[in-house]
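Let's take a friendly walk through a protein model, from its overall build to a few backbone details. Keep the viewer open as you read.

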Amino acid sequence: MGDQKINLPERLDLIAVGAHPDDVEIACGGTLAKLARKGYRIGIIDLTDGEPTPNSPSPEVRLREADQAARVLGVHKRIQLDLPNRRLFDCFEHRVALAKEFRRYRPQLVIGFGEKTPMASPDHWQAMQITDAAVFYSRLTKWDEYFPGLPVHSIQRQLYYRLAVEPDTLAGNPYHQIVDISDTIETKIESILCYKTQFEHKPNIVTRVRAAATVTGAAASVTAGESFAAAKPFAVDNLMLTLALEPLSD
Ligand SMILES: [Zn+2]
């Protein structure tokens with residue numbers, strides 16, 4: 001079984017993981033759209049189909065909305081895992097299911113949930129734990145019985161996002177990064193509005209998302225921002241480049 005080889009798809013630079021279709025758009029849609037425009041290969045993994053919800057006639061309709069939102073953002077691949085919505089739990093099988101996708105697409109960076117979402121779906125917190133574990137499982141050797149034909153893959157960086165409909169509560173994190181999404185905030189909103197079943201009856205989503213992006217961006221003196229916390233500190237080679245500073249030229 002260990003010799004079985006699978007034809008692997010082209011690698012992705014970055015995979016963002018959500019519990020439900022629309023989580024990733026709300027959390028970091030502006031950042032994904034921006035990186036896609038810069039030529040990075042971006043993937044989204046939704047752990048569940050997010051259904052049922054009150055105004056969606058079927059999972060197929062929600063899936064079509066998710067595909068449309070992915071096209072708006074310009075991401076290359078969107079995968080929906082068949083894990084159970086509303087009763088998503090961090091367990092061995094769910095960790096392996098996600099780690100298999102990491103081994104298949106071999107991303108450099110994984111972004112996922114970083115916080116509880118009080119009074120909203122508990123699936124989000126479970127998704128964070130599943131993602132943490134899957135990042136680790138992706139690089140474990142001598143486990144072919146669970147990952148037949150899939151290579152071991154070490155993910156270089158992991159970031160946490162927050163659902164950007166609330167004030168920026170990661171502010172106290174010492175590894176806090178803000179991405180300037182001034183030029184993609186409208187794309188982000190357009191992607192969220194693809195989810196008619198989720199937001200047509202809640203038009204204030206636009207106001208909330210825009211307000212959260214404004215507050216987050218203001219902390220770094222830009223018009224709109226999305227914030228991330230690093231799962232652990234990372235060392236940089238070129239500090240100037242990391243600070244978005246090009247060499248002076250005369
Ligand atoms: Zn959600």
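**Ground rules**

Residue numbers start from 1 along each chain as its sequence is written. The model is predicted: local features need pLDDT of at least 70, side-chain atom pairs count only at pLDDT 80 or more, and totals for chains, interfaces and linings use all residues.

**The whole chain**

The protein chain has eight helices and seven strands; helices (H or I, at least four residues) and strands (E, at least two) are DSSP runs, numbered from the N terminus. Its C-alpha atoms fill a box of roughly 55 × 55 × 30 Å along the principal axes. The radius of gyration is 18 Å, which agrees with the value near 18 Å for a compact globule with 250 residues; it is taken over C-alpha atoms, and the globule rule is 2.2 Å times the number of residues to the power 0.38.

Of the 250 residues, 43% count as buried. Buried means that 20 or more other C-beta atoms lie within 10 Å of a residue's own, exposed means 12 or fewer, and partly exposed is in between, with C-beta atoms placed from the backbone. Among contacts with a separation of 6 or more, 81% come from residues 24 or more positions apart; two residues are in contact if their C-beta atoms, placed from the backbone, lie within 7 Å.

**Two helix pairs**

Two packed helices are described by the angle between their axes and the distance between the axes. Here, axes are lines fitted to C-alpha atoms, for helices over the stretch in contact, and angles run from 0 to 180 degrees between N-to-C directions.

| Pair | Angle | Axes |
|---|---|---|
| H3 (residues 92–105) and H4 (residues 123–137) | roughly 55° | within 8 Å |
| H1 and H5 (residues 185–193) | about 135° | 8 Å apart |

H1 is therefore oblique to H5, and H3 and H4 are oblique to each other. Angles under 35 degrees count as roughly parallel, over 145 as roughly antiparallel, 65 to 115 as roughly perpendicular and the rest as oblique.

Which residues bring H3 and H4 together? His 94, Arg 95, Val 96, Leu 98, Ala 99 and Phe 102 in H3 meet Ile 130, Thr 131, Ala 133, Ala 134, Val 135 and Tyr 137 in H4. By class, this contact has nine nonpolar, two polar and one charged residues. Ala, Val, Leu, Ile, Met, Phe, Trp, Tyr, Cys and Pro count as nonpolar, Asp, Glu, Lys and Arg as charged, and the others, Gly among them, as polar.

In H5, the buried residues are Ile 185, Thr 187, Lys 188, Ser 191, Ile 192 and Leu 193. They pack against H1, H2, helix H6 (196–199) and helix H7 (204–218).

**Backbone details**

Most residues other than glycine have a negative phi, and most peptide bonds are trans. Between Glu 51 and Pro 52, though, the peptide bond is cis, with omega about 5°. Pro 52 belongs to the loop between strand E2 (42–48) and helix H2 (59–73).

Asp 22 has a positive phi, near 110°, and sits in the loop between strand E1 (14–18) and helix H1 (23–37). Lys 142 also has a positive phi, near 55°, in the loop between H4 and strand E5 (157–161). Are these two residues buried or exposed? Asp 22 is buried, because 26 other C-beta atoms lie within 10 Å, whereas Lys 142 is exposed, with 7.
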